[in-house]
Amino acid sequence: MSTMTNNDGIRTITTHYIDGAFVESHGREVLDVVRPTDAQAIARVTLADEEDTRHAISAARRAFATYGRSTKDERAAILRRLHAAASAHADALTAAMVEEYGGVVQFAGLIVQSGIGAFLAAEKALEEIEWTRSWGKTTVTLEPVGVAGLITAWNANALFICLKLASAVAAGCTVIIKPSELSSLQTRVLVEALHTADLPKGLFNVVTGLGQVVGAELVRNPEVNKISFTGSVAVGQSIMRDGAATMKRVTLELGGKSPTILLDDADLARAIPAALTMAFLNSGQACAAGTRFLVPKSRLNAVKQTIREAIQAFAVGNPADPTTAVGPMVSQRQYERVQSYIRKGIEEGAELLAGGEDRPAGLTAGFFVKPTVFVNVTNDMTIAQEEIFGPVLSVIAYDSEDEAIRIANNSRYGLHAAVIGTDLERARRVAAQLRAGRVVINGTTDDPQAPWGGFKYSGVGREYGRYGIEAFLEPRAILEA
Ligand code: NAD
């Protein structure tokens with residue numbers, strides 16, 4: 001349909017999805033898509049420019065004239081169609097995440113499923129929202145904010161796009177999606193799937209291009225009312241600043257340096273594998289990764305011993321192999337970034353318990369790094385304060401519960417946190433003192449109706465469930481004299 005394969009096996013994508021059709025790019029810049037397992041080019045993508053972006057914005061604006069007045073039932077029907085279309089391509093979506101991003105297959109499958117599930121979760125949340133409230137001669141209705149630009153990161157492409165699209169569509173908004181250029185192939189598989197939902201033209205448009213070109217046009221264009229962004233703090237700040245000129249509403253899902261607090265009554269045999277799973281989630285390229293492990297000093301030696309044993313189960317290698325726990329980094333740049341933090345940890349005096357610099361033995365071609373654990377880390381070290389976005393865990397010892405809470409909160413981030421302990425009441429008491437948008441107790445778990453988002457530098461606003469939909473709504477009050 002819109003992807004061609006050359007004689008050399010390299011695919012080419014030259015189109016964007018605008019007004020319900022795949023249209024040739026006006027932008028001429030071409031980007032090579034590089035496979036992270038062996039650094040080979042596998043596709044060539046023509047990137048969109050400002051004009052492509054403006055076409056997409058116009059299409060979304062035209063579609064909003066009708067869709068902005070849609071009923072709850074019409075929106076629910078569209079969400080069900082999107083769900084059916086994405087579900088039918090779940091395996092292809094997972095395969096694309098494994099190939100282009102290097103996501104480990106087990107986790108990639110979960111990410112894709114939670115993206116697909118977002119459409120039905122939004123349909124359910126639609127029912128919970130009180131769309132109209134009246135008292136006396138006053139009626140308040142919740143109205144769609146308008147045309148929305150959805151700008152996403154590369155580490156969970158299908159999830160970010162489906163989640164933002166589901167919330168926006170549930171609210172009655174039309175959208176322009178700007179995925180990361182590092183997710184071009186994954187996006188193509190997803191857009192071809194969603195195209196089969198046969199939605200009204202212009203309801204969703206997708207332009208793949210560079211952030212400073214396509215993203216910047218979305219942020220500055222007065223026809224775009226809202227930006228929902230997932231990515232780095234620096235770009236989030238620029239969106240808030242530059243969006244102010246046109247009074248953009250913004251939702252920002254940014255970074256994290258999430259603490260996992262091990263309470264002194266925890267069962268180490270279960271707690272340590274759980275903590276390592278949270279640290280190495282999505283090969284460590286996860287905003288929610290639990291990268292600071294706060295451990296009572298009294299149990300530090302036992303923790304170190306259990307980590308040494310448990311880390312053997314976190315095999316690094318081919319992401320398509322279901323036994324692999326940690327795949328390659330997405331790019332050479334990301335590989336180098338992680339290496340530089342491992343060096344920094346060593347320079348600042350942290351002690352390597354596992355992993356370290358360079359590639360793992362036998363994995364020299366791609367962007368693989370060693371799952372790494374540092375001990376003797378203090379919370380003021382760079383590796384404890386900055387987001388590394390790779391499989392690097394810092395173990396920090398504490399003396400008392402109060403000190404653990406203080407260390408956990410002593411971060412510019414506040415996205416996610418975890419508490420592990422046997423006494424549930426105590427774990428809850430600790431959880432309630434953490435300044436993070438989401439706190440999990442005793443392991444990873446999910447709830448598609450629970451809000452997701454950060455305190456402090458981790459962002460502005462929330463996604464998921466009714467919170468995610470409300471981010472695309474404006475209340476309007478009508479008062480009769
Ligand atoms: P990034 O900020 O570099 O890019 C994110 C998106 O913004 C990309 O699509 C990019 O092209 C675009 N962009 C870049 N410059 C822009 C500009 N000037 N104007 C508009 N758009 C622009 O982030 P990344 O490297 O793709 O992703 C990694 C970051 O994302 C990490 O910091 C991570 O913590 C964060 N993240 C957050 C969450 C969350 O839910 N909170 C989830 C995943 C990733």
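Guide: A polar contact is a pair of N or O atoms within 3.5 Å; within protein, one must be able to donate a hydrogen and the other to accept it, and residues adjacent in sequence count only if both atoms are side-chain atoms. This is a predicted model, in which local features need pLDDT of at least 70 and side-chain atom pairs count only at pLDDT 80 or more, while totals for chains, interfaces and linings use all residues. Residues are numbered from 1 along each chain as its sequence is written, and side-chain values use heavy atoms, with hydrogens and water left out.

Visitor: How far does a polar side-chain atom of Trp154 lie from an oxygen atom of the ligand?

Guide: Glu181 places a polar side-chain atom 3.3 Å from a ligand oxygen, and for Trp452 the separation is 3.0 Å. For Trp154 the corresponding distance is 2.9 Å.

Visitor: How many disulfides does the structure hold?

Guide: A disulfide is a pair of cysteine sulfur atoms within 2.5 Å. The count for this structure is zero.

Visitor: Is Cys162 buried or exposed?

Guide: Buried means under 20% relative accessible area, exposed over 50%, and partly exposed in between (1.4 Å probe, protein chains only). Because its relative accessibility is 2%, Cys162 counts as buried.
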